[in-house]
Structure formats: structure tokens, C-alpha cells
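Visitor: I am new to this structure. Please take me through one part of it closely.

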Amino acid sequence: MNRISAIAITVLAASPAAAASGPFFSLRNTDFIVLLAFLVFVGVLIYFKVPSIVGGKLDERADGIRKDLDEARRLREEAQEIYASYERRQREVQGQADEIIANARREAEAQAAKAKDDLKISIERRLKAAEDQIASAEKDAVRAVRDRAVQASVAAASELLAAQVKAGQRSAGIDDAIEDVARRLN
């Protein structure tokens, strides 16, 4: 309260009447002229409705600012929704990526196991083929040795018979022996 009274005393002390000398309501008093000019100025402003124009402009400016704030608030909410949407989408994509990686691992492991089984089957098949070839080669070798032995025994028998049998009996005996050996082998 003391402050308000101090301000009021200062304003009253600094009035134009205190600043000028002589009567206040005289055209020679500059303070009075300034007061009249100020009042005319304020009157002109009021006559041309400057306060309402300024008030209208300030109201328009306030409405513009309010609209800008509303638009900014709306844009902020929209940006937050978009951001949340992108975060959800990112989580979904991350989940899908993890699932794809897991599927790829499972498929790779399955392919590796299948390749391993296929390799094992292929090796077994090749071993079987090699064993079959070895067995076939053994049979061929046994047959060749047997054929050679038969030929050698036939030749030896022919020589023995030729030495023991006379010339006339030789050809008939040889033919009989050859037929006998051939029958036994077959």
C-alpha cells in the first residue's frame, strides 16, 4: 500500500501544472498545448476507431496464434500417432525378421542333415558297387583259372593217351575223352 501512495504522489508532483510557470489554461503555457495536442490526437484515434481496429487486429492475431497452436497440437498428436505406428511396424518387422532367420536356420540344418544322409547313401551305394565289381572280378578270375586248368588237363590227358594208345585208337580215344571232359564241365 505504501508503494501505491508513493507512486500517486510522484505522479501528482510531476503534473504539467507543476512544470510550467504561469496560469495552466493559457495558450502560452506549453504544457497546456501539449495536453491539448494529446487530447486531439486521442480524439482523432477514437474518431477513426483506431482502438477497435487495433483491438480487432490483436483479436485476429490472437485467433491466428490460437489456430497455430491448435494446428501445432494436432500435428504433434498426428506425429506421435505416426511415430507409434512406425514403432509397432518396426517391432512387427523385427519379429518377422527373427522368424525368417529361425526358419532359415531350421531349413539349413534340415538341408545339412539331408545332404549328410544322401552322402551316406551314396557312399554305401558306391561301396556296394565296388564290392560287386570285386566279386565279379573274383568269379571271372576263378572261371579263367578253371578254364585254364581244364585246358591244361585236357592237353595233359591228350598227351598221355597219345603215348599209351596206338595210332588207330588214338583218335577215337581222344574224341571220347574230350567229350567226357566236356560233359563233366558243363
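How many salt bridges does a search of the whole structure find?

Guide: The search finds seven salt bridges. Keep in mind that this is a predicted model. Start with the setting. The protein chain has five helices and zero strands. Of its 186 residues, 3% count as buried. Its accessible surface comes to about 16400 Å². Carbon and sulfur atoms hold 61% of that surface.

Now to the helix for a close look. Helix α4 covers residues 50-164. Among the salt bridges is one between Arg-73 and Asp-70, at 3.0 Å from N to O. Both residues lie in α4, three residues apart, about one turn of the helix. An α-helix has 3.6 residues a turn, so residues three or four places apart point the same way. Arg-73 is partly exposed, at 46% relative accessible area. Asp-70 is partly exposed too, at 41%.

Next comes Glu-71, whose side chain meets that of Arg-74 in a salt bridge of 2.4 Å, N to O. These two also sit three residues apart in α4, about one turn of the helix. Glu-71 counts as partly exposed at 34% relative accessibility. Arg-74 counts as partly exposed at 40%.

Asp-140 forms a salt bridge with Arg-143, and their closest N and O atoms are 3.3 Å apart. The two are three residues apart in α4, so about one helical turn separates them. Asp-140 is partly exposed at 41% relative accessibility. Arg-143 is partly exposed at 46%. Some salt bridges share partners: they join Glu-71, Arg-74 and Glu-78 into one network.

Helix α3 takes in residues 30-47. Its 18 residues should span 26 Å at 1.5 Å a residue, and its end C-alpha atoms are 25 Å apart, which agrees. Asn-29 caps the N-terminal end of α3. A side-chain oxygen of Asn-29 lies 3.0 Å from the backbone nitrogen of Asp-31. After α3 comes Lys-49, with a positive phi near 55°. An unreviewed UniProt entry annotates residues 29-48 as "transmembrane region". That span is 90% helix and 0% strand.

The structure also holds two aromatic pairs. Phe-24 and Phe-32 form one that is edge-to-face, 5.8 Å centre to centre with 80° between the planes. Phe-24 and Phe-32 are both buried. The rings of Tyr-47 and Phe-48 have centres 5.1 Å apart and planes at 80°, so this pair is edge-to-face. Tyr-47 is exposed, at 65% relative accessible area. Phe-48 is exposed as well, at 53%.

Terms used: Residues are numbered from 1 along each chain as its sequence is written. This is a predicted model: local features need pLDDT of at least 70, side-chain atom pairs count only at pLDDT 80 or more; totals for chains, interfaces and linings use all residues. Side-chain values use heavy atoms; hydrogens and water are left out. Helices (H or I, at least four residues) and strands (E, at least two) are DSSP runs, numbered from the N terminus. Buried means under 20% relative accessible area, exposed over 50%, partly exposed in between (1.4 Å probe, protein chains only). Accessible areas come from the Shrake-Rupley method with a 1.4 Å probe; for residues, only the protein chains shown count as cover. The expected span of a helix is 1.5 Å times one less than its number of residues. A polar contact is a pair of N or O atoms within 3.5 Å; within protein, one must be able to donate a hydrogen and the other to accept it, and residues adjacent in sequence count only if both atoms are side-chain atoms. UniProt positions are given in the numbering used here, feature names are shortened, and annotations may be inferred rather than shown by experiment. Rings of Phe, Tyr and Trp (its six-membered ring) pair if their centres lie within 6.5 Å; planes under 30 degrees apart count as stacked, over 60 as edge-to-face and the rest as tilted. A salt bridge is a side-chain nitrogen of Lys or Arg within 4 Å of a carboxyl oxygen of Asp or Glu.
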